[in-house]
Amino acid sequence: MRYAVLVTGPAGAGKSTFCNGIMTHLQTAKRSGHIVNLDPAANSDAFEYEPSIDIRDLISLDDVMEHLGYGPNGGLVYCFEYLLQNMDWLDEELGGFEDEYLIIDCPGQIELYTHHPFLPTLVRHLQRLGIRTCATYLIESQFMEDKYKFFSGVLSAMSAMVNLEVSWVNIMSKMDLVTSNSEDRGSGRNGIRAKKDIARYLEPDPMLLISAPGSRDERTERDSKFHSLNQAIVQLIEDHPLVKFLPLDLTNPDSIETVLSHIDFVMQYGEDEEPKEPADLDEGDFADLE
């Protein structure tokens, strides 16, 4: 059985760093994994591990912009439409992998996840190939600095979940930049936050959008032209509580293991594997038992 994890999210969320961290963790656990780069605008320096499959071998954003005169967004859409017309290339690239764990690094244009048909088409194609697929959606901890920015991230994650229709894990990345220790002000670039406060973001509390009744902020919000919109968003999130976030601190192996175990669980990783016969085992399989 082959497995594919789509790593999605807005630009700057740490998707490539997350892919590298998962690869390192897989290797430490003596598991096989491969990076698949689906970002035609990717910078090679972002990859600690050479991608086993790279869309830039088929088409790159720089070439599209240079030869067709497209801008970055139009060029990116062209690249993915070109890939959809040449899925035999992807099939051939994927054909060399059996019983593998594929980590698919996607670009940071969120419209590709929320309403463009490319990724849903890709997911269905992977599933037809017998590849068990799930998706992750990353937003960074800095989103907690602005409640409106945070809820735009929540709605984007919700829209992507509905659009792709696969098993899903939402991740709050860069949690090493947040601290809950008031005596350690230097360790958290994104501010000091109590664990209870962080929990309201990891399991989004829509009441964060509404200030305390009778407060100055509440009176200002009530007079705002966006008051009705905020009320509608609160109601939407309360009626459809689809989004929860796992905290990710890439400096903490336990945090990476927790996230990876959730991904394994939603994909039912390893459940179809047959037990090894004694003749198939080698000394390395017993190393952790000594």
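**Cysteines and helix packing in the predicted model**

The sulfur of C106 lies 8.2 Å from the closest cysteine sulfur, that of C19, which is too far for a bond. With a disulfide taken as a pair of cysteine sulfur atoms within 2.5 Å, the count is zero. C106 is buried (under 20% relative accessible area, with over 50% as exposed and partly exposed in between; 1.4 Å probe, protein chains only), at a relative accessible area of 2%. C134 is also buried, at 0%.

The structure is a predicted model, in which local features need pLDDT of at least 70 and side-chain atom pairs count only at pLDDT 80 or more, whereas totals for chains, interfaces and linings use all residues. Residues are numbered from 1 along each chain as its sequence is written, and side-chain values use heavy atoms, without hydrogens and water.

Helices are DSSP runs (H or I, at least four residues) numbered from the N terminus. Helix 4 (residues 87–94) and helix 6 (residues 118–128) pack at about 45°, with their axes 12 Å apart; axes are lines fitted to C-alpha atoms over the stretch in contact, and angles run from 0 to 180 degrees between N-to-C directions. In the contact (heavy atoms within 4.5 Å), M87, L90, D91 and L94 of helix 4 meet L122, H125 and L126 of helix 6.

H115 is located in the loop between helix 5 (111–114) and helix 6. H115 is exposed, with a relative accessible area of 59%. The C-alpha atoms of H115 and V162 are 9.6 Å apart in space, at a sequence separation of 47 residues.

Notes
Helix = DSSP H or I, 4+ residues; strand = E, 2+ residues; numbered from the N terminus.
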